[in-house]
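Reader: I am new to this structure and would like to go through it with you. May we begin with the cavity lining?

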Amino acid sequence: MTSRDVTSRLRESVWNGSIPLEVRLHNGDCRTYDDSDPYMIQFPRLSYLGLLTHRLHNFFSPNLIYPDVSSADLWLSYEGVPLKWHYPLGLLYDLYSGAEPAYPSDPSSPAHKIETIQEEHRRLPWRLTVHFSGYPSEQLVRLDTEDKVMHDLFRNSVKEADYLRTGTGKTVMFLSEKDSTQLWDAVKQHDFSLYNPINQKLLNPQGAALRHLPVRIYLPHAANGSEQKQPLVS
């Protein structure tokens with residue numbers, strides 16, 4: 001097996017990572033004033049909760065006090081903290097779940113490693129709350145029913161990274177309409193076979209030298225606080 005094959009398999013393994021979610025309707029939005037059935041899903045770490053809003057709206061609509069609300073009124077929280085739409089699920093989970101790293105600081109301690117993994121498993125599924133009222137507009141961008149806002153948020157993050165990587169951002173801006181559509185479809189459908197060809201074009205642009213590696217650092221805080229995000233740096 002070549003190093004390219006190993007890299008490709010590793011990249012696909014990271015892409016396929018997922019987290020089990022248990023989403024419950026907030027009592028204040030439930031017409032029975034009691035818990036409704038939870039929505040259970042195994043959701044990709046590299047996807048966005050904003051792409052789950054339509055399914056959540058359809059699932060919880062029969063239980064809503066106000067049935068005329070739309071998916072754009074929906075927001076998700078963990079222990080009272082609104083979850084930002086443009087953060088991948090894996091990042092949100094790592095920031096707020098309280099789970100310890102899968103690998104201990106001392107790799108020579110197998111027992112410690114097993115205990116750490118078992119503790120994380122006890123925290124799963126990750127339990128979130130869905131709301132259909134009281135939208136926290138000061139903390140979250142409001143989405144739309146056509147996913148245009150989610151598309152723009154995603155595209156802006158790709159452009160930021162591309163600018164640091166090549167110094168121009170032209171690689172993303174000059175993608176064909178077909179490639180741009182395929183990239184977004186790959187994210188929405190979480191389809192690696194669609195994503196990888198476009199990603200390779202972004203990582204290996206013709207006629208442009210790679211200048212920097214874009215990195216964004218998030219500092220974790222307790223769930224009742226707010227995370228600090230450092231800007232993209234090279």
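Author: By class, the lining of the largest cavity has five nonpolar, two polar and one charged residues. Here Ala, Val, Leu, Ile, Met, Phe, Trp, Tyr, Cys and Pro count as nonpolar, Asp, Glu, Lys and Arg as charged, and the others, Gly among them, as polar. This is a predicted model, in which local features need pLDDT of at least 70, side-chain atom pairs count only at pLDDT 80 or more, and totals for chains, interfaces and linings use all residues. Residues are numbered from 1 along each chain as its sequence is written, and side-chain values use heavy atoms, without hydrogens and water.

Reader: Which residues line the largest cavity?

Author: They are His 151, Phe 154, Arg 155, Val 158, Val 172, Ser 180, Leu 183 and Trp 184. A cavity is a set of points on a 1 Å grid over the protein atoms alone where a 1.4 Å probe fits but cannot get out, and lining residues have an atom within 4 Å of a point.

Reader: And which helix gives the most to that lining?

Author: Helix α5 does, with four residues. Both α5 (148-166) and α7 (177-189) supply at least two residues each. Helices (H or I, at least four residues) and strands (E, at least two) are DSSP runs, numbered from the N terminus.

Reader: Changing topic, in what order do the strands of the sheet lie?

Author: The five strands form an open, mixed sheet in the order β2-β1-β5-β3-β4; two strands pair if DSSP finds at least two bridges between them. The edge strands, each pairing on one side only, are β2 (39-44) and β4 (81-82).

Reader: How many bridges join β3 to β5?

Author: Three bridges join these antiparallel strands, and Leu 76 stands opposite Val 130 in β5.

Methods: On a 1 Å grid over the protein atoms alone, a cavity is a set of points where a 1.4 Å probe fits but cannot get out, and a pocket is an open set with protein on both sides within 12 Å along at least five of seven lines; lining residues have an atom within 4 Å of a point.
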